[in-house]
Amino acid sequence: MADKLLIGISAQGATVAHWRGNRIADCYLFDHDDAGHAGFKEHLASIANVPAYIMVDAVEEDYRFETLPHAFGSDRTEMVGRKLKQHYRNTPYMTAWRVGRDSGKRRDDRYLFSALTNSELIDDWLNAVVARGLPVAGIYLLPMVSEALLQKLDIKAVNLLIVAQHGGGLRLTFFRDRQFRLSRLTRGDSGRGENRVRYFTEEISNTRLYLHALRTMTLDEHLTVLLVDRGDELMEVAAGIARDNPSLDCARLSRQELATRLDLAESLLDVSPYVIYLHLLGFKAPQSNLAPENVTLGHKRYQARRAIYAGGAALALAAAVWTGANLFQMLSLRSEAGDTARQTAQLSTRYLEITRQFPAAPTSAENLKKAVEIAQKLRESVRTPEMIMAMVSRALEGSPTIVIKEFGWKYGTTEIEEGGGRVAVTAAAETPAPAASAVVRKQSGLIEGEIRPFRGDYRAAIETINAFADRLAKEPTVGGVRVVKLPLNVNPALSLSGNTLDSPDQSGTADFKLLLVLKPNI
Amino acid sequence: MTQADLQALKNPLLALLAVLLAAATAIYYSDQLMVSARRQLAQQQAQLKEARTRLQKSGDEKDIIVRYLDSFRQLQRAGFVGDEQRINWLDGLRLTNQQSDLFGVDYQIGSQKPYAYAAEFNPGQLELNQSVMRLRFRLLHEEDIMRFFNILARQGAGIFTVDQCSMRRIDTGGVIRFQPNVTAECELSWITARVGAAGERK
């Protein structure tokens, strides 16, 4: 639990306790005079960045129970704020706490309005705290803090009056059904030895009458009185009250009981009567906080800072766990990789030992085999123009008038170009992508020839050429034959001219071109 | 939230930002280390598998070496395996020209390049290269060209493929005598194989 600065303020002075490690570590008293205030400031100078919880024990306090219509949100805030202003005009230290709902039909909300009516009592102390820059978590009235005593001591009495001797007088706080109902601080000296029993009895009686007048409790009802006796000096009082008031249950919390049940060092009980309440305040601050927003602003920022730091720490922790997991996994993987590498090395060593018995070879067995197989495949893949030349020769036997002037051949992924004529030998003759897996090469031939003799009979010439092409196309390995050029271009898109004179002499030429493509992989 | 609130929370927010950055960096860096370690393990496992397979097949490997070593050495001598033997090619051309009674052969060899159809042969660790040779002949008859290729192949100067050829009849005016009747141009690819660095005997 975080450190806290617990300050109990009364008309007599201030009690300052340091809450550290879930308990009060040390406690100091400062009187309500110039020296006390100076000492208080000096003490605060050594403290930084610790939230201050202020508890006030004063006669100038006010409690009101009031019923308001049930409302939500801003309506409720506005209504309660209005009520607070009506009740407490002269103090900024006030609050309202919804304690429950009415049992009536309207189910109205029941509120406890409380305030410190004399703000001057705490102003100097509070200003010193604010001036030091300590965040003020809240300002609480002592009776509100003492409610926690019931939970701590597990007191189940229906009507309970806690009576404690404080510096300023006797503090009497009444709880009904474990809920705060009333508290009063009597003025006066309670230390008169012989009158102490009477004094306590009178104040308890006065309180009962007051409760009766407020219709909080009738005089007939059973009441349990709990004397908080930090100095073990109220034994007689307890006995006296029990003797004089048979209708009362009077119990006493001795010094040792207080120390044991509240887990509080006995020596601290000697310092101040407020140590008990500061101890309770350290554990849990009550809901009724009198401090206005401008006072608690610093604490809100302090909480926001802590929340951000906590978020950062959580983030750092999560990142550390994540990173740690990654690093652990990485180390495991590396270790596994190391083991694998060692196994590989062992296998390689065994392999090398075996290969020493192999015949000396210039390269690996796989490469030997590959090189020989590739050489064989290359030799098998060699193609020459011979096949197409033989086809052309066979086809020419049926067409003696055809004379071949030029012949081109190519074995590649593309056909020989029509106007190729000469073979263009370049370094990049044909470069399919090296990675191409389904490259299909085929043989193609380009035949340029003429009809000789030619006497102007284009029809006969074209028929001869087509017959030549048909004979080539009938070869089983031929994939296609295309007449690229005929002696006469009969394309209607072009103009055509000539002479029809029938002459025994050769007139003009009847050139043609044929493209012959074999089936793939022939 | 007011400006004053922001000012009050400046340091924690900066600290949070720094933690955020540091956390992101740490997670990213450690993640990268882990990915790298995983990749390294995968590589090691692949190498182990390869080593195991190699060991298991070591018996077969010996058989392969015995079976293919002589043929491989012949290919080395022929100039197919190893560096290009251009002098051998030219000697082969010269001898082929003499033996096939041609009227001389003009040649032109291009620079060496990766073999265009290497993928067809799945060469593995071998690098297949080609040098294109352009030849120009004058022939008595068309069939001389086939005779030329057959004799060149028998010279053992290397392995070549014929890529393309063209022949053109020379107009001799009808005079019959021992003279060139056809001009021809051909393009050959001399193919060589080189054992890559990775394929050296381990």
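Modeller: Let's start with a helix lying on strands. Helices (H or I, at least four residues) and strands (E, at least two) are DSSP runs, numbered from the N terminus. In this predicted model, helix 4 (residues 142–153) of chain A lies across strand 4 (52–57) and strand 8 of chain A, and runs at about 90° to strand 8 of chain A. Axes are lines fitted to C-alpha atoms, for helices over the stretch in contact, with angles from 0 to 180 degrees between N-to-C directions. Contact means that two C-beta atoms, placed from the backbone, lie within 7 Å.

Biologist: Which strands does helix 9 of chain A touch?

Modeller: Helix 9 (residues 275–283) of chain A packs on the sheet against strand 1, strand 2, strand 3, strand 4 and strand 8 of chain A, and makes about 140° with the direction of strand 1 of chain A.

Biologist: In what order do the strands of the open sheet in chain A come?

Modeller: Two strands pair if DSSP finds at least two bridges between them. Here 5 strands of chain A form an open, mixed sheet in the order 3-2-1-4-8. Strand 3 (23–31) and strand 8 (136–141) of chain A each have a single partner strand, so one side of each lacks a neighbour in the sheet. Neighbouring strands are turned by 20° against each other on average, direction ignored. Strand 1 (residues 4–10) and strand 2 (residues 13–20) of chain A run antiparallel, joined by 7 bridges; Gly8(A) has Thr15(A) as its bridge partner.

Biologist: How many bridges pair strand 14 of chain A with strand 3 of chain B?

Modeller: Strand 14 (residues 402–412) of chain A pairs with strand 3 of chain B in the antiparallel sense over 5 bridges. Met167(B) is the bridge partner of Phe407(A), and Cys165(B) stands opposite Trp409(A). Strand 3 of chain B also pairs antiparallel with strand 4 of chain B, over 10 bridges.

Biologist: How many residues does each chain give to the contact?

Modeller: Chain B gives 81 residues and chain A gives 78. Helix 2 of chain B supplies the largest share of the chain B side, 25 residues.

Biologist: What about confidence and numbering?

Modeller: The complex has an ipTM of 0.78 and a pTM of 0.60 from the predictor. Residues are numbered from 1 along each chain as its sequence is written, while chains are lettered from A and ligands numbered from 1 in the order in which they are written.

Conventions
This is a predicted model: local features need pLDDT of at least 70, side-chain atom pairs count only at pLDDT 80 or more; totals for chains, interfaces and linings use all residues.
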